[in-house]
Amino acid sequence: MEMIEFEHPVARDFVTRMRRKDLPPVQFRAYTSRLAYLLAVEATRDLPTIPAEVETPLENTLGEVLIDPPLIVPILRAGLGMLDAFQDLLPDSQVAFIGMSRNETTAEPVWHYSSIPNVAGKKVIVLDPMLATGGTAAAVLEYLFKKKVSEVILVSVVAAPEGIARLGAFDNLTVITVCVDRELDSNWYIRPGLGDFGDRLYSDGI
Ligand code: URA
(Lines give C-alpha, C1' and ligand atoms only; values in the text may rest on other atoms or scores of the structure.)
Protein backbone atom coordinates (compact mmCIF):
# COMPACT_ATOMS: atom_id res chain seq x y z
CA MET A 1 0.00 0.00 0.00
CA GLU A 2 1.17 3.49 -0.80
CA MET A 3 -0.05 6.27 1.48
CA ILE A 4 -0.35 9.85 0.23
CA GLU A 5 -1.15 12.58 2.75
CA PHE A 6 -2.43 15.28 0.42
CA GLU A 7 -0.36 18.32 1.26
CA HIS A 8 -2.37 21.33 0.17
CA PRO A 9 -3.18 24.44 2.23
CA VAL A 10 -6.62 24.90 0.63
CA ALA A 11 -7.52 21.28 1.41
CA ARG A 12 -6.41 21.68 5.03
CA ASP A 13 -8.45 24.89 5.29
CA PHE A 14 -11.56 23.10 3.95
CA VAL A 15 -11.19 20.19 6.36
CA THR A 16 -10.78 22.58 9.28
CA ARG A 17 -14.04 24.32 8.31
CA MET A 18 -15.75 20.93 7.91
CA ARG A 19 -14.71 19.89 11.43
CA ARG A 20 -16.73 22.76 12.95
CA LYS A 21 -19.72 21.19 14.64
CA ASP A 22 -22.01 24.12 13.78
CA LEU A 23 -21.31 24.03 10.03
CA PRO A 24 -24.75 23.40 8.47
CA PRO A 25 -25.17 20.42 6.09
CA VAL A 26 -25.59 22.69 3.06
CA GLN A 27 -22.12 24.13 3.67
CA PHE A 28 -20.67 20.78 4.68
CA ARG A 29 -21.80 19.39 1.31
CA ALA A 30 -20.30 22.37 -0.51
CA TYR A 31 -16.90 21.95 1.17
CA THR A 32 -17.00 18.20 0.58
CA SER A 33 -17.51 18.78 -3.11
CA ARG A 34 -14.79 21.45 -3.38
CA LEU A 35 -12.36 19.25 -1.48
CA ALA A 36 -13.26 16.31 -3.73
CA TYR A 37 -12.17 18.35 -6.79
CA LEU A 38 -8.74 18.84 -5.23
CA LEU A 39 -8.52 15.16 -4.30
CA ALA A 40 -9.67 14.13 -7.78
CA VAL A 41 -6.76 16.05 -9.29
CA GLU A 42 -4.36 14.12 -7.05
CA ALA A 43 -6.10 10.76 -7.62
CA THR A 44 -5.94 11.11 -11.41
CA ARG A 45 -2.32 12.26 -11.59
CA ASP A 46 -1.00 9.02 -13.16
CA LEU A 47 -3.83 8.13 -15.54
CA PRO A 48 -2.59 6.99 -18.94
CA THR A 49 -3.08 9.11 -22.06
CA ILE A 50 -2.46 8.60 -25.76
CA PRO A 51 -1.38 11.23 -28.28
CA ALA A 52 -4.27 12.76 -30.20
CA GLU A 53 -4.24 15.20 -33.06
CA VAL A 54 -6.47 18.24 -32.67
CA GLU A 55 -7.38 21.00 -35.09
CA THR A 56 -7.27 24.41 -33.43
CA PRO A 57 -8.73 27.49 -35.20
CA LEU A 58 -5.16 28.14 -36.46
CA GLU A 59 -3.44 24.79 -37.14
CA ASN A 60 -3.26 21.11 -36.32
CA THR A 61 -1.36 20.11 -33.19
CA LEU A 62 -0.71 17.07 -31.07
CA GLY A 63 -2.45 16.80 -27.71
CA GLU A 64 -3.28 13.96 -25.33
CA VAL A 65 -6.50 12.23 -24.37
CA LEU A 66 -7.22 9.93 -21.46
CA ILE A 67 -7.62 6.26 -22.23
CA ASP A 68 -9.40 3.66 -20.16
CA PRO A 69 -10.89 5.96 -17.53
CA PRO A 70 -11.09 4.35 -14.09
CA LEU A 71 -14.31 3.04 -12.56
CA ILE A 72 -15.54 5.29 -9.74
CA VAL A 73 -17.04 3.52 -6.72
CA PRO A 74 -18.53 5.67 -3.95
CA ILE A 75 -19.26 3.75 -0.76
CA LEU A 76 -22.80 4.60 0.38
CA ARG A 77 -23.66 6.83 1.91
CA ALA A 78 -20.79 9.18 2.74
CA GLY A 79 -18.89 8.55 -0.52
CA LEU A 80 -21.79 10.04 -2.47
CA GLY A 81 -20.76 13.50 -1.29
CA MET A 82 -17.57 13.24 -3.36
CA LEU A 83 -19.06 11.72 -6.49
CA ASP A 84 -20.07 14.84 -8.46
CA ALA A 85 -16.56 16.25 -8.43
CA PHE A 86 -14.99 12.98 -9.62
CA GLN A 87 -17.60 12.62 -12.37
CA ASP A 88 -17.00 16.20 -13.48
CA LEU A 89 -13.28 15.51 -13.92
CA LEU A 90 -13.80 12.03 -15.38
CA PRO A 91 -16.97 12.37 -17.49
CA ASP A 92 -16.30 9.11 -19.37
CA SER A 93 -15.89 7.01 -16.22
CA GLN A 94 -18.46 4.41 -15.27
CA VAL A 95 -19.83 4.65 -11.75
CA ALA A 96 -20.78 1.66 -9.59
CA PHE A 97 -22.01 1.63 -6.02
CA ILE A 98 -21.32 -0.36 -2.89
CA GLY A 99 -23.63 0.02 0.10
CA MET A 100 -22.04 -0.83 3.44
CA SER A 101 -22.71 0.10 7.02
CA ARG A 102 -20.90 -0.89 10.15
CA ASN A 103 -22.45 -2.84 12.97
CA GLU A 104 -22.35 -0.24 15.76
CA THR A 105 -21.74 -2.96 18.39
CA THR A 106 -18.95 -4.89 16.73
CA ALA A 107 -17.69 -2.35 14.14
CA GLU A 108 -17.81 -5.19 11.59
CA PRO A 109 -18.85 -4.13 8.08
CA VAL A 110 -22.35 -5.12 6.92
CA TRP A 111 -22.76 -5.54 3.17
CA HIS A 112 -26.07 -4.21 1.75
CA TYR A 113 -25.66 -3.67 -1.97
CA SER A 114 -23.23 -3.61 -4.86
CA SER A 115 -23.50 -2.91 -8.57
CA ILE A 116 -19.94 -3.64 -9.66
CA PRO A 117 -19.73 -4.61 -13.36
CA ASN A 118 -17.03 -6.78 -14.94
CA VAL A 119 -13.92 -4.97 -13.74
CA ALA A 120 -11.07 -7.41 -14.49
CA GLY A 121 -7.94 -5.42 -15.35
CA LYS A 122 -9.58 -2.10 -14.49
CA LYS A 123 -8.31 0.71 -12.30
CA VAL A 124 -10.85 1.70 -9.63
CA ILE A 125 -11.20 4.87 -7.57
CA VAL A 126 -13.04 4.16 -4.30
CA LEU A 127 -14.59 7.12 -2.46
CA ASP A 128 -14.87 6.64 1.31
CA PRO A 129 -14.28 9.88 3.22
CA MET A 130 -13.65 8.47 6.72
CA LEU A 131 -11.06 5.69 6.98
CA ALA A 132 -11.70 4.60 10.58
CA THR A 133 -11.15 0.93 11.54
CA GLY A 134 -10.49 0.10 7.88
CA GLY A 135 -13.01 -2.77 8.16
CA THR A 136 -15.30 -1.46 5.42
CA ALA A 137 -12.41 -0.49 3.19
CA ALA A 138 -10.75 -3.90 3.63
CA ALA A 139 -13.99 -5.72 2.74
CA VAL A 140 -14.44 -3.57 -0.37
CA LEU A 141 -10.80 -4.05 -1.42
CA GLU A 142 -10.96 -7.82 -0.98
CA TYR A 143 -14.12 -7.88 -3.11
CA LEU A 144 -12.57 -5.74 -5.86
CA PHE A 145 -9.25 -7.61 -5.96
CA LYS A 146 -11.17 -10.91 -6.10
CA LYS A 147 -12.80 -9.48 -9.20
CA LYS A 148 -9.27 -8.95 -10.55
CA VAL A 149 -9.13 -5.16 -10.67
CA SER A 150 -5.61 -4.03 -11.50
CA GLU A 151 -5.30 -1.19 -9.02
CA VAL A 152 -7.34 0.72 -6.44
CA ILE A 153 -7.02 4.32 -5.32
CA LEU A 154 -8.93 4.85 -2.08
CA VAL A 155 -9.76 8.51 -1.58
CA SER A 156 -10.56 9.66 1.95
CA VAL A 157 -10.74 12.97 3.78
CA VAL A 158 -9.70 11.94 7.31
CA ALA A 159 -7.95 8.71 8.24
CA ALA A 160 -7.16 7.07 11.58
CA PRO A 161 -3.76 5.42 12.09
CA GLU A 162 -5.62 2.17 12.89
CA GLY A 163 -7.36 2.16 9.49
CA ILE A 164 -4.16 2.91 7.62
CA ALA A 165 -2.41 0.06 9.44
CA ARG A 166 -5.27 -2.33 8.59
CA LEU A 167 -4.83 -1.67 4.86
CA GLY A 168 -1.05 -1.85 4.96
CA ALA A 169 -0.81 -5.36 3.51
CA PHE A 170 -2.75 -4.68 0.30
CA ASP A 171 -0.73 -4.51 -2.91
CA ASN A 172 -1.72 -2.29 -5.81
CA LEU A 173 -3.43 0.10 -3.41
CA THR A 174 -2.89 3.83 -2.97
CA VAL A 175 -4.64 5.59 -0.09
CA ILE A 176 -5.03 9.37 -0.39
CA THR A 177 -6.16 11.40 2.61
CA VAL A 178 -6.00 15.02 3.72
CA CYS A 179 -5.51 14.47 7.46
CA VAL A 180 -4.27 11.56 9.51
CA ASP A 181 -5.99 12.13 12.86
CA ARG A 182 -4.91 10.99 16.33
CA GLU A 183 -6.90 7.82 17.06
CA LEU A 184 -10.20 5.96 17.16
CA ASP A 185 -12.33 6.28 20.29
CA SER A 186 -14.22 3.45 22.02
CA ASN A 187 -17.17 3.92 19.59
CA TRP A 188 -14.82 3.72 16.60
CA TYR A 189 -15.15 7.40 15.79
CA ILE A 190 -12.09 9.18 14.51
CA ARG A 191 -10.71 11.73 17.02
CA PRO A 192 -10.63 14.66 16.68
CA GLY A 193 -12.46 13.84 13.45
CA LEU A 194 -15.58 15.57 12.25
CA GLY A 195 -18.33 13.24 13.45
CA ASP A 196 -20.41 10.98 11.24
CA PHE A 197 -19.70 12.08 7.67
CA GLY A 198 -23.02 10.75 6.32
CA ASP A 199 -24.98 12.55 9.03
CA ARG A 200 -23.04 15.75 8.38
CA LEU A 201 -23.90 15.52 4.67
CA TYR A 202 -27.49 14.39 4.80
CA SER A 203 -29.16 15.04 8.14
CA ASP A 204 -29.69 18.37 9.79
CA GLY A 205 -27.88 17.25 12.88
CA ILE A 206 -30.95 16.35 14.92
N1 URA B 1 -17.29 7.16 9.99
C2 URA B 1 -17.58 8.47 10.17
O3 URA B 1 -18.40 9.03 9.46
N4 URA B 1 -16.93 9.12 11.16
C5 URA B 1 -16.02 8.56 11.94
O6 URA B 1 -15.46 9.23 12.82
C7 URA B 1 -15.73 7.18 11.74
C8 URA B 1 -16.38 6.51 10.76
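**The ligand and its surroundings**

Guide: To begin, the ligand sits in the largest pocket. Please keep in mind that this is a predicted model.

Visitor: Which residues are around the ligand?
Guide: They are Arg102, Met130, Ala132, Trp188, Tyr189, Ile190, Gly195, Asp196 and Phe197.

Visitor: Which residue has a polar backbone atom 2.8 Å from an oxygen atom of the ligand?
Guide: That is Ile190. For Gly195, a polar backbone atom is 2.8 Å from a nitrogen atom of the ligand.

Visitor: And what about Phe197?
Guide: Phe197 has a backbone N or O atom that lies 2.7 Å from an oxygen atom of the ligand.

Visitor: How much of the ligand's accessible area does the protein cover?
Guide: On its own the ligand has 240 Å² of accessible area, and the protein covers 88% of that.

Visitor: Let us change topic. Is strand β7 largely enclosed or open?
Guide: Strand β7, residues 123-127, is largely enclosed by the rest of the structure, because 5 of its 5 residues are buried.

Visitor: Which way do its side chains point?
Guide: From β7, Lys123, Ile125 and Leu127 point one way, while Val124 and Val126 point the other way. All of these residues are buried.

Visitor: Which strands pair with β7?
Guide: One of them is strand β4, residues 71-76, which is joined to β7 by 4 bridges and runs parallel with it. Another is strand β9, residues 151-155, which pairs with β7 in the parallel sense over 5 bridges.

Visitor: What holds paired strands together in general?
Guide: Strands of a sheet pair through backbone hydrogen bonds, either parallel or antiparallel.

Visitor: Which residue of β7 is the bridge partner of Ile72?
Guide: The partner is Ile125. On the pairing with β9, Val126 has Leu154 as its bridge partner.

Visitor: What is the order of the strands in the open sheet that holds β10?
Guide: That open sheet has 3 strands in the order β8-β10-β12, with parallel pairing. Its edge strands are β8 (130-131) and β12 (179-180), each of which pairs on one side only.

Visitor: How many bridges link β8 and β10?
Guide: There are 2 bridges between β8 and strand β10, residues 158-159, and the pairing is parallel. Within this pair, Leu131 has Ala159 in β10 as its bridge partner.

Visitor: Now to Asp185. Where is it?
Guide: Asp185 is in the loop between β13 (183-184) and β14 (190-191).

Visitor: Is Asp185 buried or exposed?
Guide: Its relative accessible area is 18%, and a residue counts as buried under 20%. Asp185 is therefore buried.

Visitor: What does its side chain contact?
Guide: The side chains of Asp185 and Arg191 are joined by a polar contact of 2.8 Å.

Visitor: And Leu184, buried or exposed?
Guide: Leu184, which is found in strand β13, has 15% relative accessibility and so counts as buried. From Leu184 to Gly198 there are 14 residues in sequence and 17 Å in space, C-alpha to C-alpha.

Visitor: Let us turn to the backbone. Which residues does a cis peptide bond join?
Guide: Arg77 is in the loop between β4 and α3 (83-89). Another cis bond runs from Arg191 to Pro192, with omega near 0°. Pro192 is in the loop between β14 and α6 (197-202).

Visitor: Why mention these at all?
Guide: Most residues other than glycine have a negative phi, and most peptide bonds are trans.

Visitor: Which residues have a positive phi without being glycine?
Guide: Asp68 is one of them, with a phi of about 50°. Asp68 is in the loop between β3 (60-66) and β4, and at 47% relative accessibility it counts as partly exposed. Lys148 is another, with phi near 70°.

Visitor: Where is Lys148, and is it buried or exposed?
Guide: Lys148 is in the loop between α4 (135-146) and β9. At 59% relative accessibility, Lys148 counts as exposed.

Note on methods
Residues numbered from 1 in each chain as written. Predicted model: local features only at pLDDT ≥ 70, side-chain atom pairs only at ≥ 80, totals over all residues. Heavy atoms only, no water. Buried < 20%, exposed > 50% of the residue type's maximum accessible area, 1.4 Å probe, protein only. Pairing = 2+ DSSP bridges. Near = heavy atom within 4 Å. Polar contact = N/O pair within 3.5 Å; in protein donor to acceptor, adjacent residues only side chain to side chain. Areas by Shrake-Rupley, 256 points an atom, 1.4 Å probe, with all protein chains shown as cover. 1 Å grid on protein atoms, 1.4 Å probe; cavity = no way out; pocket = protein on both sides within 12 Å on 5 of 7 lines; lining within 4 Å. Sits in = over half its atoms within 2 Å of the grid points.
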